[in-house]
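This briefing is about one protein structure. Look at the sequence and the model before reading the points.

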Amino acid sequence: MTEGAGKKASDLFIECLEAEGCEYIFGVPGEENLDFLDSLSRSTKIKLILTRHEQAAGFMASTYGRHTGKAGVCIATLGPGATNFVTAAAYATLGGMPMLMITGQKPIKKSKQGRFQILDVVAMMGPITKFTHQMASSDNIPSRVREAYRLAEEEKPGATHIELPEDIADEHTTSRPLPRSIVRRPAADVKSIVQAVEAIQQARRPVLVIGAGANRKMTGKMLREFVEETGIPFLTTQLGKGVIDERHPRFLGCAALSAGDFVHRAIEDSDCIVNIGHDVIEKPPFFMRDAGEGGGPTVIHVSTKTAEVDPVYFPQIEVIGDIANAIWQIKEAITPNPAWDFDQMLAYRAAEVRHTAGLADDTRFPVFPPHLVQQVRAAMPDDGIICLDNGVYKIWFARGYCAHQPNTVLLDNALATMGAGLPSAMMSAMLYPERKVMAICGDGGFMMNSQELETAVRLKLNLTVLILNDSAYGMIRWKQANMGFVDFGLTYGNPDFVKYAESYGAIGHRVESAAHLTELLAHCRETPGVHLIDCPVDYSENDQILNKDIKALSKAL
Ligand SMILES: Cc1ncc(C[n+]2csc(CCOP(=O)(O)OP(=O)(O)O)c2C)c(N)n1
């Protein structure tokens, strides 16, 4: 369209985002986004959240999607801005979080600037998004934005990308925003429900495994009712934590380690595994065996999508459709079998509880991880949200932190990237200002996006960043020792984290003893502002407890 006819394309783009219900755009604008930024300045519905790195903007947008089910939106310039989105795009796509990235580009019709900063961003985004598109005509903005949202939010959710070149943003068009469609997820077929019900009824020791997909769709209520009416015990993967309150007497644990833990003994005891919302991006919570290996339990896959088959996962029965509805249908049709016997499974769990209770009482200094996990749990209300970065403590928390509600333990067991702990906590604090929020980071992971402390202070957020300080990339150092290699190449120095926090206008604290940690956690929870707690941590027994000890103990049971 020619200048003057209709409205400016960048204005239309913003109207399309408004029609989708967009509330925030996170990011770092560049020269190529200036038309878009100007249009955004006139929006009364969408707020720009300026970050100090595009990666953090992408993590925040993804976390918005994770909490709400609606795509979070982020913006960056061409070239280096777009490449900074790559990790966040992979984080959203693997982790099943709806997110839309918008990047700028030089004019595509005529350009006098050669190839300066120009990359094929659309091709780059291909393997890590569900949809990537360069706008070549402003008339198509409404349908492309709608499509980007539809695909980002549809199961399995993930990242989408639109490139908006400068000359297209400056065009004029008479196109209008398209309304969101009203869509319901299909329900599972009755015949598949009957098959699942028969298999569960005929089994002796059925068990539920709750995975990533179940945490997205708020299936918690239905699953809890199912467990209560049938008495069938459940365990979770890392991404399934919190779907049902882990204080439930039928909780068997979280499959945080790959094998050999108490919880794996419970799964091995089962002859019928109902695997709910499983996603192969997570490490398998159990390994299936084919007939040549003696066969194994019947596996029922309950999810919105059919199972992605691999050598250790080839379920015999699939129930495909909305997960909450499928569980409801199974619950209505099932008659609990008096021959079901869960005693052995529950005995494994009881043994794990006894084992970890003693560990958590260890008040040594530097702080012992099981004690730290317990202190964080005690400091957080039921609906408090902890957002973990990636490091060895993620395993301690996945195993030992008792989640009470869905989406209260945000961890990344999909891309498992470092650097997302602080941005995901910031997003959680923005969305739920009435809830307590903590970022839990290693010193390594924190430093990957620590500049966002400025953003958190500027946004006047209330949150606590707990840094587990071992002056090392502890997770890798642990694996290095575990594999018998010499201690090499994984230690470093840190800034003075208290002064560092203060230089941003945050409030810095340093833990002096285990009891002091308890005090500080309570103080930070009750005092508004951005708090940073530098907590020296003792990782000397990681291997003993997370590996040898647990395997030996659970084998001996
Ligand atoms: C972006 C990124 N780089 C590297 C890794 C590999 N990695 C996983 S954990 C880890 C060390 C984490 O160190 P830190 O954050 O200090 O936590 P710690 O394990 O010491 O508790 C590394 C390097 C990763 N997961 N993500």
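This is a predicted model: local features need pLDDT of at least 70, side-chain atom pairs count only at pLDDT 80 or more; totals for chains, interfaces and linings use all residues.

Residues are numbered from 1 along each chain as its sequence is written, and side-chain values use heavy atoms, with hydrogens and water left out.

**The sheet**
- An open sheet is formed by 6 strands with parallel pairing, in the order β3-β2-β4-β5-β7-β6.
- Strands (E, at least two residues) and helices (H or I, at least four) are DSSP runs, numbered from the N terminus, and two strands pair if DSSP finds at least two bridges between them.
- β3 (47-50) and β6 (131-134) are the edge strands, each pairing on one side only.
- From one strand to the next, the twist averages 20°.
- Strand β2 (residues 24-28) pairs with strand β4 (residues 72-76) over 4 bridges, in the parallel sense; V28 has A76 in β4 as its bridge partner.

**Helix α5**
- Helix α5 (residues 86-95) packs on the sheet and touches β5 (99-105) and β7 (159-165), where contact means heavy atoms within 4.5 Å.
- The direction of α5 makes about 155° with that of β5; axes are lines fitted to C-alpha atoms, for helices over the stretch in contact, and angles run from 0 to 180 degrees between N-to-C directions.

**Helix α7**
- Helix α7 (residues 141-153) lies across β4, β5, β6 and β7, at about 160° to β7.
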